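Subject: Structure handover

Hi,

Here is the structure we talked about passing on. Please open it alongside this note.

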Amino acid sequence: MVTQPVPFVGKAGPKDDDGSRKGGDDANFETGTVTKTRPKTKRPNLYRVLLLNDDYTPMEFVVLVLQDVFNKSREDAMRIMLHVHQKGVGECGVYPYEVAETKVTRVMDTARKNQHPLQCVMEKQ
Ligand code: TYC
C-alpha cells in the first residue's frame, strides 16, 4: 500500500466504522511535527459509453447488444435503444477507462461481424 503523510489538522477527515478517526497520529519528536498517515486511494476517471443511431442496424440487434455487453434487462435495453433511435445518441453506462474501452470494442466487433454500421464511442465524464 502506498501511504502519504498529511498534515494533522485536528478533528477532521473520514471516520472508521466505530466512529474513530481514520489513521494513526505519527509524531516526529525531532521536528515537533504531527502528521497522519492514510492509504492513498485514487478515484478512477470515469467514461460514458455512448451508442449512436444509424438507419440500418436492426432494433433487435441493438437490444441484444445492450443486454449482452452492458448487462441491461430486456426492458432497460429497449428503453435505451428507443432513446438512441429517437435522439441520435444515448448512454449505455459509465465505467473506468479500461472497462469502457473493452465494451466499446465488444460492440464494434459484434457489429462488424454482423455487417451492421452500429457505432459506439466513449467520452470522459
Ligand atoms: N435506427 C435504427 C432502425 O431504425 C435502430 C437503431 C437504434 C440503430 C439504436 C442504432 O444505436 C442504435 N433500425
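Below is what turned up in the nonpolar core and the salt bridges.

Keep in mind that this is a predicted model.

Core first. The largest nonpolar core holds 22 residues. Those with the most contacts inside it include Val 49, Leu 66, Phe 70 and Cys 120. At least two core residues each come from strand 4 (46–52), helix 1 (59–70), helix 2 (74–87), strand 5 (89–96) and helix 3 (97–113). Helix 1 is the top contributor, with seven residues.

Have a look at Cys 120. Leaving aside residues up to four places away in sequence, Cys 120 touches Val 49, Leu 50, Leu 51, Phe 70, Val 104, Val 107 and Met 108.

Now the charges. There are six salt bridges in the structure. One of them pairs Glu 123 with Arg 48, with the closest N and O atoms 2.9 Å apart. That pair links distant parts of the chain: Glu 123 sits in strand 6 (residues 119–124) and Arg 48 in strand 4, 75 residues apart. Both partners are partly exposed, Glu 123 at 34% relative accessible area and Arg 48 at 25%. A network of salt bridges links Arg 48, Glu 91 and Glu 123.

Arg 106 and Asp 68 also form a salt bridge, at 3.7 Å from N to O. This one joins helix 3 to helix 1, across 38 residues. Arg 106 is partly exposed, at 38% relative accessibility.

Asp 109 is partly exposed at 28%, whereas Arg 112 is exposed at 56%.

Best wishes

Conventions
Residues are numbered from 1 along each chain as its sequence is written. This is a predicted model: local features need pLDDT of at least 70, side-chain atom pairs count only at pLDDT 80 or more; totals for chains, interfaces and linings use all residues. Side-chain values use heavy atoms; hydrogens and water are left out. A nonpolar core is a set of buried Ala, Val, Leu, Ile, Met, Phe, Trp, Tyr and Cys residues joined through side-chain atoms within 4.5 Å. Buried means under 20% relative accessible area, exposed over 50%, partly exposed in between (1.4 Å probe, protein chains only). Helices (H or I, at least four residues) and strands (E, at least two) are DSSP runs, numbered from the N terminus. Contact means heavy atoms within 4.5 Å. A salt bridge is a side-chain nitrogen of Lys or Arg within 4 Å of a carboxyl oxygen of Asp or Glu.
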